[in-house]
Amino acid sequence: MADEYPFDNASAPASDRMSALEASYDRTTFEHLGKLGVGAGWSCWEIGAGGGSVARWLAGRVGPDGHVLATDLDTRLLADLPANAEAVRHDVRAEPVPDRKFDLIHARLVLIHFPERDELVAKLAGALAPGGWLVLEEIEPRGQTVLATPDETSATVFRSVQGRILDLLERAGSDVEWAGRLPEVLAGAGLREVGSARVTTRWPGGGPEIRLLGGGPEIRLLAANSVELAEKLAADGVPPADIEQFRRVLADPRFTVSSYPLVSGWGRR
């Protein structure tokens with residue numbers, strides 16, 4: 001099995017992917033972090049910070065006496081962070097954890113892609129200050145379902161291409177079922193007060209342009225993935241015409257799918 005992260009922040013669709021993820025999941029993330037009490041003076045580490053929306057929210061919560069470390073393999077989308085936040089290039093797999101202890105460590109849609117994900121959870125738990133929280137959020141991609149479709153052909157095209165995208169991710173080292181194990185893994189890392197929640201919403205299609213994928217911004221995630229992975233899909237035998245049809249289905253306002261279910265898990269040192 002390969003262990004290569006399948007996405008590239010330097011690619012043209014990356015900003016679409018990041019903004020779609022933020023539109024899809026930020027509200028849920030902020031709700032959970034708020035309930036855990038993130039507040040003034042906290043030291044936070046945001047792993048795989050992407051476009052920076054969570055890091056900016058955390059910076060607002062911790063205030064001038066707190067600090068947010070936002071790390072990613074590529075920090076080009078982390079410009080203009082607040083004064084109490086910093087962007088640092090960091091490979092959580094290969095590099096040591098920062099030489100400090102954190103009141104909160106958060107990662108969303110990061111560890112699912114790495115074969116050594118369970119070991120990384122233990123590594124992150126060790127970077128917590130006493131009483132600190134580790135919050136991990138991962139999706140269950142195969143839990144997505146078609147909710148409305150103009151015809152069965154559209155549903156078939158969606159399921160076919162989306163299934164091939166998930167096959168690619170799994171062969172690259174992702175575990176699309178790992179989210180369901182989060183409570184077990186967090187407890188296995190020695191954390192207490194372990195909890196979890198699972199949220200699913202609706203992603204409506206719509207809009208006249210394929211690339212832009214109008215309607216709700218969330219549906220852009222599926223199309224952006226198909227753009228970013230187009231060459232790999234073609235090399236895997238998916239006809240380009242099928243990929244184009246997949247995007248047309250997403251642009252149809254009569255088509256609706258459920259979101260990728262998001263599982264949020266947390267535990268305390």
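Me: By class, what lines the second largest pocket?
Reply: The lining has 4 nonpolar, 5 polar and 3 charged residues. Nonpolar here is Ala, Val, Leu, Ile, Met, Phe, Trp, Tyr, Cys and Pro; charged is Asp, Glu, Lys and Arg; the others, Gly among them, are polar. Keep in mind that this is a predicted model: local features need pLDDT of at least 70, side-chain atom pairs pLDDT 80 or more, while totals for chains, interfaces and linings use all residues. Numbering runs from 1 along each chain as its sequence is written, and side-chain values use heavy atoms, without hydrogens and water.

Me: Which residues lie nearest the centre of that pocket?
Reply: Ser24, Arg27, Thr28, Val199 and Thr201, out of 12 lining residues. A pocket is an open set of points on a 1 Å grid over the protein atoms alone where a 1.4 Å probe fits, with protein on both sides within 12 Å along at least five of seven lines; lining residues have an atom within 4 Å of a point.

Me: How much space lies in it?
Reply: About 170 Å³. That is the space filled by probe spheres set on the points, with points joined across faces, edges and corners.

Me: Which element gives the largest share of the lining?
Reply: Helix 1, residues 14–35, with 5 residues. Helices (H or I, at least four residues) and strands (E, at least two) are DSSP runs numbered from the N terminus. The protein has 8 helices and 10 strands.

Me: New topic. How many aromatic pairs?
Reply: The count is 6. Rings of Phe, Tyr and Trp (its six-membered ring) pair if their centres lie within 6.5 Å; planes under 30 degrees apart are stacked, over 60 edge-to-face, the rest tilted. One of the pairs is Tyr25 with Trp203, tilted, at 6.4 Å centre to centre and 55 degrees between the planes. Tyr25 sits in helix 1 and Trp203 in strand 8 (residues 202–204), so the pair ties together parts 178 residues apart in sequence.

Me: Are Tyr25 and Trp203 buried or exposed?
Reply: Tyr25 is buried, and so is Trp203. Buried means under 20% relative accessible area, exposed over 50%, partly exposed in between (1.4 Å probe, protein chains only).

Me: And what about Phe30 and Trp57?
Reply: Their ring centres are 4.7 Å apart and the planes are at 5 degrees, so the pair is stacked. Phe30 is in helix 1 and Trp57 in helix 2 (residues 53–62), 27 residues apart.

Me: What does Tyr260 touch?
Reply: Leaving out residues up to four places away in sequence, its contacts (heavy atoms within 4.5 Å) include Tyr25, Ile139, Gln162, Val199, Trp203 and Leu221.

Me: Switching to helix 3. Which residues are buried there?
Reply: Helix 3 (residues 117–125) has Arg117, Leu120, Val121, Leu124 and Ala125 buried. Seen down the axis they fall within an arc of 140 degrees, so they line one face of the helix. The arc uses directions from the helix axis to the C-beta atoms.

Me: What does that buried set pack against?
Reply: Strand 1 (43–47), strand 4 (102–108), strand 5 (128–139) and helix 5 (182–188).

Me: How much of the whole protein is buried?
Reply: 54% of the 269 residues.
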